[in-house]
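Dear colleague,

I am passing on a structure that I have been looking at, and I would be glad if you would read these notes beside it.

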Amino acid sequence: MKTFTYEKATTVDEAVRDIDRAGAKFIAGGTNLLDLMKLQVETPDKLVDISRLPLGEIEEREDGGLTIGALVPNADLAADPRVIAKYPVLSRALLAGASGQLRNKATTGGNLLQRTRCYYFYDTAMPCNKREPGAGCSAIGGFNRILAVLGTSENCIATHPGDMPVAMRALDATIVTLKADGDKRRISIHDFYRLPGDRPDLETVLEPGELITHVELPAPPEGRQVYRKVRDRASYAFALVSVAGVVKVADGKIASAALAFGGLGSMPWRDGAVEAALVGQAPSDAAFAAAADALLADAKGYGSNDFKIPLARRVLIATLRELTGE
Amino acid sequence: MRFTINGQSYQADVDIRTSLLDLCREHLGLTGSKKGCDHGQCGACTMLVNGRRVNGCLTLAVMHQDDEIVTIEGLGSPESLHPMQAAFVRHDGYQCGYCTPGQICSAVGMLDEVKKGWPSHVSDDLSDPTFDDGEISERMSGNLCRCSAYPNIVDAIREVAAASGDAKTAPTSREPAEAGA
């Protein structure tokens, strides 16, 4: 690990002031950042410890939604009675990720910024455009079984590894931030992540030094909520394919649908065409197949991850049966 | 830097990069917590920070100067074992023993989570989880045992859970189907 200077922020304003140069990073739970620092994939020269800032509360809002502090641990968010009652898809997604120890440490804000587990991103002996733009991509033509089939570019096929952000995309979350100049902004999660394009190192629209302070969930959507995750082991593994679904059926027809996907895309994936294929239709395998066609129309396999395309089709159809069945 | 570990105060002048695990093992002589993978994958370093189980390898010592830390050395002593330690001995919940301190700290933290009503991935009802062997396996998936002593580890944890007298950790009995039924 490269050495760094360390400052502990006591207020949110102080935290954004302390991020005074490129190379400085916030640390909260640290479970992903320290892992990457040990391998020198991340080499910050300064850490600003935000773990004791007063951003650890979950509050109900007047519109029926929730405001979640960026430092709420994954374990606490998953077990919160309001989340369980109103947003079970979020609780399920959190519980499907990591281990008990990691969920106790990992935070809401940090989870949104989790980095890919692409083998070549982790291996500093191999070229990787996400670590070093322009170096080349070892995953295209390499071992890419766990990597993305949607939203990739010729420069990067890394998968976003998260579960929580997938549920948050299905729930239309908003990310609230504070910039060094004191400006607050609210960013829809649908605008938060960037496709890799020719700059796979830039994963979100956050500016340098911008701090996530809260995540807002709008009032809970109507309908049934399901999170289904398919992975290589029954527990403590990243998704090969996951689906966060919220579907309402009324008078025998799908009245509304929100579907987001993990394990498939370069970012937590949501595609309005999938939902458009469903809304207004009576639940049927034909309608579900049309939704899968819409999801996978532009999917591109890279050899060893080709299996994800038919797997995604089957997982989506199974999830839709569960969401619309008796 | 000052630390409170197992109820004792310590002072140590360590490199800023030192993990909580390395602080204990390399600087304070608390070698009970083990280093397996050093990346949060195996759980051998599990300790309790303010009562919550965490991976000691994935956090910086400097960040925990105001916390109450408990390692395996603080749970019990050879003369007076913690109930979880005694249960692991009774059920032979190990072979080589390397993962055992982490397994025991993790199990203690895990049962507290169950008593708080926290659900898991395998809970049918998120707001009222039951407790059975499947729940133990899921909730302990962050602790690997390469000797594969898992059946005896589950036996030890199940016994401590049942003996605690807490309704939330009372194991759900699943009667085996009657022969020929």
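What follows describes the contact between the chains and then a pair of helices.

This is a predicted model, in which local features need pLDDT of at least 70 and side-chain atom pairs count only at pLDDT 80 or more, while totals for chains, interfaces and linings use all residues. Residues are numbered from 1 along each chain as its sequence is written, chains are lettered from A in the order in which they are written, and side-chain values use heavy atoms, without hydrogens and water.

Between the chains, 40 residues of chain A are in contact with 35 residues of chain B (contact means heavy atoms within 4.5 Å). Together the two chains bury about 3200 Å², of which 54% is on carbon and sulfur atoms; buried area is the accessible area, taken with a 1.4 Å probe, that two parts lose on being put together, summed over both.

The interface of chain A and chain B holds 4 salt bridges, each being a side-chain nitrogen of Lys or Arg within 4 Å of a carboxyl oxygen of Asp or Glu. A:K8 pairs with B:D66 at 3.3 Å, N to O, and A:K38 pairs with B:D38 at 2.9 Å, N to O.

Within chain B, helix 4 (residues 100-115) meets helix 6 (residues 150-163) through B:Q103, B:A107, B:M110 and B:L111 on one side and B:I153, B:I157, B:V160 and B:A161 on the other (helices are DSSP runs of H or I with at least four residues, numbered from the N terminus).

Best wishes

Technical notes. Helices (H or I, at least four residues) and strands (E, at least two) are DSSP runs, numbered from the N terminus.
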